Amino acid sequence: MLKISNLHARVEEKEILRGINLEVKPGEVHAIMGPNGSGKSTLASVLAGREDYEVTEGTVEFLGKDLLELAPEERAAEGIFLAFQYPVEIPGVTTVNFLKTAINQIRKYHGKDPIDAAQFLKLMKQKAKSVKIDDQLLRRSLNEGFSGGEKKRNEIFQMAMLEPQLGLLDETDSGLDIDALRIVADGVNELRSANRSFIVVTHYQRLLDYIVPDFVHVLYKGRIVKSGTKELALELEEKGYDWIKAEADAAEASVA
Amino acid sequence: MSNTDMQTQLLSDFQAYQNGLNGKAETPFNQLRRLAMDNFSNLGFPTTKHEEWKYSNVKKLVEKSYNFHPKSEAGEDELSALPIPDLAGNILYFINGIFHPELSTLQTPDDKLKIITLSQAITEFPDLLNEYYGKFTDNITESFTALNTAMANDGVVVFIPDNTTLEEPVIMRMIGDVREENVGSFVRNLVVVGKNAEVKIAESFRTLGEKSGFVNAVTEIIVGEDARVDYYKVQDDNDESFHIGTTQVYQKDRSYFYSATVTINGGFVRNNLNLILDGQHINSYMYGLYIPDKKQHIDNHTLVDHRKPNCQSNELYKGILMGKSTGVFNGKIFVQEDAQKTNAYQNCRNVIVSDSATMNTKPQLEIWADDVKCSHGTTTGKLNDDAIFYMQSRGIPKQEAIKLQLLAFAEDVVSQIKIDGIRNYLEVLIREKLHGN
Ligand SMILES: Nc1ncnc2c1ncn2[C@@H]1O[C@H](COP(=O)(O)OP(=O)(O)O)[C@@H](O)[C@H]1O
Ligand SMILES: [Mg+2]
């Protein structure tokens, strides 16, 4: 589904991603962990098509297409969804209106007619219920004045509405209490299927108790320095990142 | 001075008119006009050295030549080409500043709404004119207002008696017929709203044709005790047009005045909105929206003069600047010594869409009372890139994302308009304009 090879990216003069290799097969859930500032959000943004980051080397293939050639909206239409670490407030645009526009633009991309209004409302009601998001909230300006938890649930709600092929979750768990965490995880699990994949960026192993990953990777200084299964997450929880940092720094020093 | 030609032309027009007056030259109305003409000829047209005209240069206007006495043949057919769909109410048509009763439709009975021409009013309602006409406009230092007072002859007086609530709005459609030649016109209307009366008024300006129109407009609105007035000024003129207009509002005790000034198109636009709050417990609202593109220039000057205690004024102007356009906002709030317990708020927010557009803002608060709450703020910024990327990441193309954001920005003002036909008309125009940019 997704194949990232030797991906390098920088912002201004600073190289942030320094050779990422990662393959995600249909139905898999990959967790990406790592200390602050290691490049996790950057990786998610580069995959979603944020222009601030310049890809200097490497390739990304998504469902047989060269992902890096596509505009962000084309990537979305092809099935990539990024749940933002910091969802943006958009005054004056309601979530309902926003999602209807998004769905219709994606349908247009695929040569389909706009969604029937009644069908849209039905879909919305059903999905809102599954992530326990209040109807009233969806009629307010997108994310404006939402609590941290409401913003994150709104991201998962949008993902449920857009039914992507690949969901990128950037620290969707941070700032959530245990109930909200469970709702978010349930929302994701409901979407899991044999041909839908997820990359879950998280700091804490606790999310992975609910969304059980097939693989866990540690990102450090712009590279994946360790990969394993869900046991790796438990080990990190127990021992912290210092041993991995030391290992990786030593390896880099010996190369140089 | 470069403006002598137009000035000379106007002076000689005025002289010719005076010579034709015969016995009527000594009416108070005409004395006011002569005084105004004297003031105008002393003042001349303002230059950018004038503080109030620093960013709005009328040189291009005064160098053009205009026919100030055109004959327009525009009738029903031409007007139907300038539709405002689903507009209901009392609709008054003015072509090049001249009221056309035969094109207008009045729904409200005569005892609730009187529409009379200025010349009729001079003979039939001299007291009303003496009390209000030109009494609150600045004919001394404002050269365009003085000029208008001197020259305007063909407007109307709109009179709503005490204790009258009008269900149907009063809509004045000002059509500038510039199909054949450059046309100059003086639009002058006086609206008197009686005690405890209520009305919604709209003025819509629109050019017909491609030549240049110079519209010099003055509207005076008297809001009686306990009266409630909604007033909307909407503009969609061609790129060659010049509009210099003043709306002078005088509010009495406990009255309510709610306004929106929306400029969709116009080559050079200067709107002055002046409010005198000469009573207690008055509420005033001023909304504005301007969305210039190309080389359009839109200047809004507002002035709220708080003269008495316990009043509140609230102002929000918003601009979207595209292309090589320029915008000006100058907002004055005066709180006089007597006006204790005043609440006055002002806010001006602008989005610059293109690198070549510019916006000048100047809030100007002058407060002589000590127990007041006043605040003002202006922001001028670019579109939020994070928001655009967020929308793109959901499948919305960049251009659509920008449009969605701008529409939402404009909606804050447009949604204030309570005449459905006018609001819908504006929403369509805004969509079209943002789509083309
Ligand atoms: N737009 C940007 N401009 C400048 N520096 C950036 C930008 N985005 C990220 N960085 C820097 O890149 C590094 C990685 O950031 P990020 O991807 O957010 O890390 P993580 O999500 O793993 O905490 C950090 O040092 C951060 O300061
Ligand atoms: Mg991050």
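The legends below walk through close-up views of a predicted model, one contact at a time.

**View 1. The two domains of chain B.**
Let us start inside one chain. Chain B is split into domain 1, covering residues 3–278, and domain 2, covering residues 384–437. Computed over C-alpha atoms would be one way to look at spacing; here the centres of domain 1 of chain B and domain 2 of chain B, taken over C-alpha atoms, are 31 Å apart. Where the two meet, domain 1 of chain B gives 21 residues and domain 2 of chain B gives 12 residues to the contact. Together, domain 1 of chain B and domain 2 of chain B bury about 1,400 Å², and 73% of that area lies on carbon and sulfur atoms.**View 2. A salt bridge between the domains of chain B.**
Zoom in on the charged groups here. Between domain 1 of chain B and domain 2 of chain B there is 1 salt bridge. B:Lys418 and B:Asp230 form a salt bridge, with 3.0 Å between their closest N and O atoms. For polar contacts, the count between domain 1 of chain B and domain 2 of chain B is 5 residue pairs, both residues being at pLDDT 80 or more.

**View 2. The face that domain 1 of chain B turns to domain 2 of chain B.**
Which elements give two or more residues to the side of domain 1 of chain B that touches domain 2 of chain B? They are β7 (198–208), β9 (228–236) and β11 (256–265) of chain B. With 6 residues, β11(B) supplies the largest share of this side. Sorted by class, the side of domain 1 of chain B that touches domain 2 of chain B holds 15 nonpolar, 1 polar and 5 charged residues.

**View 3. Where chain A meets chain B.**
Now we move from a contact within one chain to a contact between two. Chain A brings 29 residues to this contact and chain B brings 18 residues. About 1,900 Å² is buried between chain A and chain B, with carbon and sulfur atoms giving 66% of the area. On the chain A side, the residues that lose the most area to chain B are A:Arg50, A:Glu73 and A:Gln105, which together make up 28% of what that side buries.

How many salt bridges cross the interface of chain A and chain B? The rule finds 2 salt bridges there. In one of the pairs to look for, the side chains of B:Arg394 and A:Glu155 form a salt bridge, at 2.7 Å from N to O. Chain A and chain B also have 8 residue pairs in polar contact, both residues being at pLDDT 80 or more.

**View 4. The face that chain A turns to chain B.**
Several elements of chain A give two or more residues to the side that touches chain B: α1 (40–48), α2 (72–78), β6 (80–83), β7 (90–94), α3 (95–109) and α6 (148–162). The largest share of this side, 5 residues, belongs to α3(A). By class, the residues on the side of chain A that touches chain B are 18 nonpolar, 7 polar and 4 charged.

**View 5. Ligand 1 and its neighbours in chain A.**
Finally, look at the residues around ligand 1, among them A:Val11, A:Ile16, A:Pro35, A:Asn36, A:Gly37, A:Thr42 and A:Tyr53. From the side chain of A:Lys14, an N or O atom lies 2.7 Å from an oxygen atom of ligand 1.

Key
Residues numbered from 1 in each chain as written. Chains lettered and ligands numbered in written order. Predicted model: local features only at pLDDT ≥ 70, side-chain atom pairs only at ≥ 80, totals over all residues. Heavy atoms only, no water. Domains from an automatic or database assignment. Contact = heavy atoms within 4.5 Å. Buried area = accessible area lost by both parts, 1.4 Å probe. Salt bridge = Lys/Arg side-chain N within 4 Å of Asp/Glu carboxyl O. Polar contact = N/O pair within 3.5 Å; in protein donor to acceptor, adjacent residues only side chain to side chain. Helix = DSSP H or I, 4+ residues; strand = E, 2+ residues; numbered from the N terminus. Nonpolar A, V, L, I, M, F, W, Y, C, P; charged D, E, K, R; others polar. Near = heavy atom within 4 Å.
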